[in-house]
Amino acid sequence: MKTCIIDDAEGILITSEIGGKKRSISRKSAIEFGWVVGCPDNTRTESYFHAKYVPEGRGKGSGAGENLGQNIFHRPASSGQYAVVANIDLYKVGRNDITLAYVDGIDRQARIKALLKSVLNTFIKPTGAHRNTQHPHILDFTGIIATSTSTLPAPVLSGLNSNYRDEIKKIAGNLNRTTTGDPIAVTPFDGLGAFSGVMADIICKVQPYGG
């Protein structure tokens with residue numbers, strides 16, 4: 001088990017019974033997502049009429065008036081502007097959380113690129129429940145990506161703050177003043193096309209940190 005890292009990228013939870021005792025073995029994901037929160041001023045939720053037909057009952061409803069053969073209900077749907085924050089610690093990929101040493105014999109760069117591609121795909125093609133009737137209409141996607149090549153943290157601020165871009169830039173500038181080499185970079189983007197371009201640049205150039 002010296003080279004086993006299980007899932008060092010996006011976490012894992014194993015529940016098992018060992019020696020008659022129930023145990024949970026977890027490993028935290030290298031990615032942290034905040035809740036997708038609607039901006040209070042322009043986010044609304046409405047309830048829409050929905051009918052789902054039940055094939056085995058359709059022939060019995062003619063003239064009876066009991067709505068046999070169909071389930072009628074109202075389903076909520078929201079629209080508006082939403083904010084999301086995410087933090088990715090790439091230095092954790094391929095690292096033993098107990099010894100804090102990196103596992104030999106694995107391609108950390110390939111694993112990191114796969115991790116970043118999964119983040120890109122998450123926003124390019126969001127998935128989840130009720131996608132057959134409630135696939136989201138994404139009209140715009142704007143934000144800012146902050147990266148750090150040192151132990152200094154990349155600044156994160158919620159898009160619920162209308163001035164979040166300027167604040168992140170200021171924080172990055174102040175942190176860079178405390179060290180040499182300007183390890184923190186910030187890149188704003190407007191639109192999914194620009195976002196995918198920034199992410200593609202990072203994916204193509206990323207190098208494993210810490211060995």
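The model is predicted, so local features need pLDDT of at least 70 and side-chain atom pairs count only at pLDDT 80 or more, while totals for chains, interfaces and linings use all residues. Residues are numbered from 1 along each chain as its sequence is written, and side-chain values use heavy atoms, leaving out hydrogens and water.

**Serine 29**

- You can find S29 in the loop between β2 (21-27) and β3 (31-33); strands are DSSP runs of E with at least two residues, numbered from the N terminus.
- S29 is buried, with a relative accessible area of 17%; buried means under 20%, exposed over 50%, and partly exposed in between, using a 1.4 Å probe and protein chains only.
- The side chain of S29 reaches the backbone oxygen of A9 at 3.4 Å, and a polar atom of that S29 side chain lies 3.0 Å from the backbone nitrogen of I31.
- Setting aside neighbours within four places in sequence, S29 is in contact with A9, E10 and G11 (contact means heavy atoms within 4.5 Å).

**Valine 84**

- V84 sits in the loop between β7 (82-83) and β8 (86-88).
- With a relative accessible area of 30%, V84 is partly exposed.

**Cysteines**

- How many disulfides does the structure hold? There are zero disulfides, a disulfide being a pair of cysteine sulfur atoms within 2.5 Å.
- C39 counts as buried at 12% relative accessibility, whereas C204 counts as exposed at 60%.

Note on methods:
Helix = DSSP H or I, 4+ residues; strand = E, 2+ residues; numbered from the N terminus. Polar contact = N/O pair within 3.5 Å; in protein donor to acceptor, adjacent residues only side chain to side chain.
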